[in-house]
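Dear colleague,

I am passing on a structure that I would like you to look over when you have a moment. The notes that follow it set out what was found.

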Amino acid sequence: MEQLEMYKKLAGEKAVEYIEDGMTIGLGSGSTVYWMMKKVSELVKDGLTIQGVPTSKRTEGWAKEFGIPLVDFSNVEKIDVAIDGADEIDSELQLAKGGGGSLVREKIVDILAEKFIVIADKTKLVKTLGKFPLPVEVVPFGYEVTAKRIANLGATPVLRMKDGKVFVSDNGNYILDCQFQAIEQPELLHEEIKGLVGVVETGLFVNMADIVIIGNEQGTEIITKNR
Ligand SMILES: O=C(CO)[C@H](O)[C@H](O)COP(=O)(O)O
């Protein structure tokens, strides 16, 4: 296994230590989450009773494949722990997410969790957010106008494509990948973008992460909000 994949696996598997019997778990999206889910499925086979809330169709597919029980989100009152990946994590534990295009469902689920755990390989740690183009989910109708409005905030938005076609999110929307300069004030930028008509959600997950688990050459590093 290549080194980066090993770091993801280490972080994903470590996060499972926070799961207890009877919990409702938010299942994030992405390749690091894949390893977490693999480990969860082993525990479920050994008798752990949990129910999962998937944040993407892909995650839902993995859960079904791995035998992880799922619950209909409309019947969920609380999520004990959500475990999700990230594209960038800054020194204040603010996140940029949405590289896989699942940011809306991720935010809806992650924000409801009593504990939100972020899992990532060490390359995701940054001093300041902004190197990774910020994903913004927008309504398809009039997206060109929305893109111009986002550009007025100092970004270069690019419509996400996949296999030669416009990428469509699980919610039927488009994603604009917006290259900003360094994002020094993520909360403010999120509010500004979110205030634009046509914008569904931004990939800035501000003041949400409780614990970050980083996979690296030493194994795992745990970073907490109150460090
Ligand atoms: O936000 C996400 C998907 O929308 C992912 O969590 C993020 O892109 C990280 O993915 P990976 O674990 O594959 O690096």
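Predicted model: local features only at pLDDT ≥ 70, side-chain atom pairs only at ≥ 80, totals over all residues.

**Overall form and helix packing**

Residues are numbered from 1 along each chain as its sequence is written.

The protein chain has six helices and 15 strands (DSSP runs numbered from the N terminus, helices being H or I of at least four residues and strands E of at least two).

The axes of helix 1 (residues 3-15) and helix 2 (residues 31-45) come within 7 Å and cross at roughly 45° (axes are lines fitted to C-alpha atoms, for helices over the stretch in contact, and angles run from 0 to 180 degrees between N-to-C directions). That angle makes helix 1 oblique to helix 2, since angles under 35 degrees count as roughly parallel, over 145 as roughly antiparallel, 65 to 115 as roughly perpendicular and the rest as oblique. On the helix 1 side the contact involves Lys8, Lys9, Ala11, Gly12, Glu13 and Ala15, which meet Ser31, Thr32, Val33, Trp35, Met36 and Lys39 in helix 2 (contact requires C-beta atoms, placed from the backbone, to lie within 7 Å).

Helix 2 also packs against helix 3 (residues 57-66), at an angle of about 25° and with the axes 10 Å apart, which makes helix 2 roughly parallel to helix 3. Here Val33, Tyr34, Met37, Lys38 and Ser41 of helix 2 make the contact with Thr59, Trp62, Ala63 and Phe66 of helix 3.

As for the ligand, Gly30, Ser31, Gly85, Gly99 and Gly100 come nearest of the 17 residues around it (a residue is near if its C-beta atom, placed from the backbone, lies within 6 Å). Helix 2 and helix 4 (103-110) each supply at least two residues of this shell.

Technical notes. Contact = placed C-beta atoms within 7 Å.
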